[in-house]
Amino acid sequence: MRADELAPALCALEAAHRRRRRPCLESAQGARVVVDGQPLLAFASNDYLGLAAHPHLADAAQAAIGRFGVGAGASHLVCGHGTLHEEAERGLAAWTGCPRALLFGSGYAANLAVITSLLGRDDEVFADRLVHASLNDGCQLSRARFTRFPHNDLARLAAQLAASRARSKMIVVDAVYSMDGDEAPLTALLALARQHDAWLFVDDAHGFGLTGGGRGALAEHALADERLIYMGTLGKAAGVAGAFVAGSETLIEWLVNRGRSYIYTTALPPALAAATLAALDVMASEPWRRERVFAHARAVQAAGRAWPMPQVRLAIHPVIIGGDAETLAVSQALREQGIWVPPIRPPTVPAGQARLRISLSAAHEDGDVAQLLAALGQLAPCTDPNERGA
Ligand SMILES: Cc1ncc(COP(=O)(O)O)c(C=O)c1O
């Protein structure tokens with residue numbers, strides 16, 4: 001883009017209802033927030049367990065700041081790695097049941113490090129068509145042959161794997177799809193990975209903290225294998241920031257030595273490692289948080305027939321509306337009633353599949369969910385329940 005092309009391109013985005021603006025939060029994250037001066041009941045964040053403003057996490061972070069200061073000061077390999085990072089990595093490995101874990105500044109960086117450090121020109125990566133943008137970027141950056149398979153289509157993936165002559169292969173999936181809320185068939189995927197001698201890289205950004213008793217997708221499906229690579233983010237259910245990769249000792253040692261987005265970046269502030277340990281404590285000691293999210297999910301699914309919604313069981317429940325302008329209008333109508341459900345438009349989702357993304361949290365009371373469902377019901381395109389979409 002030349003400089004003189006930017007303003008017209010932004011106008012074109014505006015005309016297509018695709019220009020993004022950042023709502024400005026004036027409160028802590030929670031069920032009730034203040035956005036641009038307006039109090040709202042929010043179904044918008046990824047703070048699924050309501051930990052982002054939990055006092056135990058805040059206390060742990062504050063105590064760590066008191067002892068270690070704010071910044072890590074350098075990358076992990078230079079002098080930014082400390083005892084709290086070590087403890088958090090050990091805690092995450094034990095919690096997920098993996099031999100070793102490695103902290104990253106973000107899930108985006110973790111995904112780039114895994115894919116680009118393990119794959120190169122002679123290799124092939126097979127990614128579900130709906131995987132997160134950071135995984136797609138990692139696939140592209142790796143220079144491996146990049147093959148995508150239709151969403152959760154294992155027959156197609158099996159055929160692609162069988163046809164591949166690549167030296168090293170990797171299957172890449174989200175455990176829980178971020179804009180659809182549905183899950184990957186991980187047991188069958190691992191069987192395919194074994195059959196075709198491939199890595200299976202599982203991005204559990206939206207399952208970690210919820211599934212497997214909070215321990216995530218591998219615990220949920222009782223999966224263990226040297227070829228499994230697990231990524232969990234800490235900025236969602238864990239309520240902190242950053243991410244981790246868990247896997248075999250040798251895999252983690254390789255990432256420390258060859259993961260460019262691990263090596264060439266400043267370490268996570270130690271206070272966030274302390275908050276991560278506190279989040280693991282709360283996940284273990286307050287299982288009611290997960291149960292409450294599941295109960296809210298059942299309530300949404302039971303009432304969800306007013307709009308087309310997929311059958312899902314975790315925190316993310318998309319209401320598929322289709323057009324960008326219509327989706328914005330429904331989101332705006334909810335907002336006028338004091339309810340915040342963000343509209344998700346292309347390129348985050350395919351054209352024609354714009355949606356509202358309802359995000360449930362343990363911070364919500366039953367009455368909050370009932371209020372959302374009543375408002376959505378009133379705005380529904382059709383009022384006869386027998387004629388509404390599935
Ligand atoms: C599936 C998935 N993977 C990775 C990421 C990136 O994680 P982070 O926000 O920590 O960079 C996200 C969301 O941000 C995500 O939804």
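So, aspartate 182 and histidine 151: their side chains make a polar contact at 2.6 Å. By polar contact I mean a pair of N or O atoms within 3.5 Å; within protein, one must be able to donate a hydrogen and the other to accept it, and residues adjacent in sequence count only if both atoms are side-chain atoms.

Quick note: this is a predicted model, where local features need pLDDT of at least 70, side-chain atom pairs count only at pLDDT 80 or more, and totals for chains, interfaces and linings use all residues. Numbering runs from 1 along each chain as its sequence is written, and side-chain values use heavy atoms, with hydrogens and water left out.

Where does aspartate 182 lie? Look in the loop between strand S6 (169–174) and helix H8 (186–195); helices (H or I, at least four residues) and strands (E, at least two) are DSSP runs, numbered from the N terminus.

Okay, over to the ligand. It has 15 residues around it, and Gly107, Tyr108, Asp203, His206 and Lys236 are the closest; near means a heavy atom within 4 Å. Ligand oxygen atoms lie 2.7 Å from a backbone N or O atom of glycine 107, 2.6 Å from a polar side-chain atom of histidine 206, and 2.8 Å from a side-chain N or O atom of lysine 236.

Which elements give two or more residues to the shell around the ligand? Helix H5 (107–118) and strand S8 (228–233), and H5 has the largest share, three residues.
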